[in-house]
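Reader: Hello! Could you take me through one part of this structure at close range, with the distances and angles spelled out?

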Amino acid sequence: MKFSVYYDESCPMCRKEIAFYRRRSGADAIDWVDVSQPANVPDGLTCSEAMARFHVRTESGALIDGGAAFAELWKRLPTLRWLGLLSSTPLTRPVLNLAYNLFLPLRPQLQKLF
């Protein structure tokens, strides 16, 4: 199974961020899936769940969301691997997830800037 990133292509801010990641070395080994198209929503998620939070599916099939999903993505991109490893420690992962959860309510307002 290929590592997969599930993102909202209909969100201008998300689109910009994913474009940044897709330009990184190693991005060609990742399956980039636009969940704004209902047919692309993966097993184990509803469309609303997929659109509400960032998700990845690992090569082993584990579905991960939130800040932890970003850490998994970063670990697969050579130039960001250090950030993914740092963000995956027992001390930093809860902080990353908290930051992500605090960001989510701000997302609609931030989208207006993009």
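Author: Gladly! The side chains of Glu72 and Arg93 make a polar contact at 3.3 Å. Please keep in mind that this is a predicted model. Glu72 belongs to helix 3, which spans residues 66-75. With a relative accessibility of 9%, Glu72 counts as buried, because buried means under 20%. Apart from neighbours within four places in sequence, Glu72 is in contact with Phe3, Val56, Thr58, Ile64 and Arg93.

Now for the aromatic side of the story. Searching the whole structure turns up five aromatic pairs. In one of them, the ring centres of Phe54 and Phe70 lie 4.1 Å apart with 20° between the planes, so this pair is stacked. Phe54 sits in the loop between helix 2 (47-52) and strand 3 (55-57), while Phe70 is in helix 3, so the pair ties together parts 16 residues apart in sequence. Both Phe54 and Phe70 are buried.

Phe70 also forms an aromatic pair with Tyr100, and this one is tilted: the centres are 5.9 Å apart and the planes stand at 50°. Here Phe70 in helix 3 is linked with Tyr100 in helix 5 (residues 92-103), a distant part of the chain 30 residues away. The relative accessibility is 11% for Phe70, which counts as buried, and 9% for Tyr100, which counts as buried too.

Put together, ring pairs join Phe54, Phe70, Trp74, Tyr100 and Phe103 into a cluster.

Notes:
Residues numbered from 1 in each chain as written. Predicted model: local features only at pLDDT ≥ 70, side-chain atom pairs only at ≥ 80, totals over all residues. Heavy atoms only, no water. Helix = DSSP H or I, 4+ residues; strand = E, 2+ residues; numbered from the N terminus. Buried < 20%, exposed > 50% of the residue type's maximum accessible area, 1.4 Å probe, protein only. Polar contact = N/O pair within 3.5 Å; in protein donor to acceptor, adjacent residues only side chain to side chain. Contact = heavy atoms within 4.5 Å. Phe/Tyr/Trp six-rings, centres within 6.5 Å; stacked < 30°, edge-to-face > 60°.
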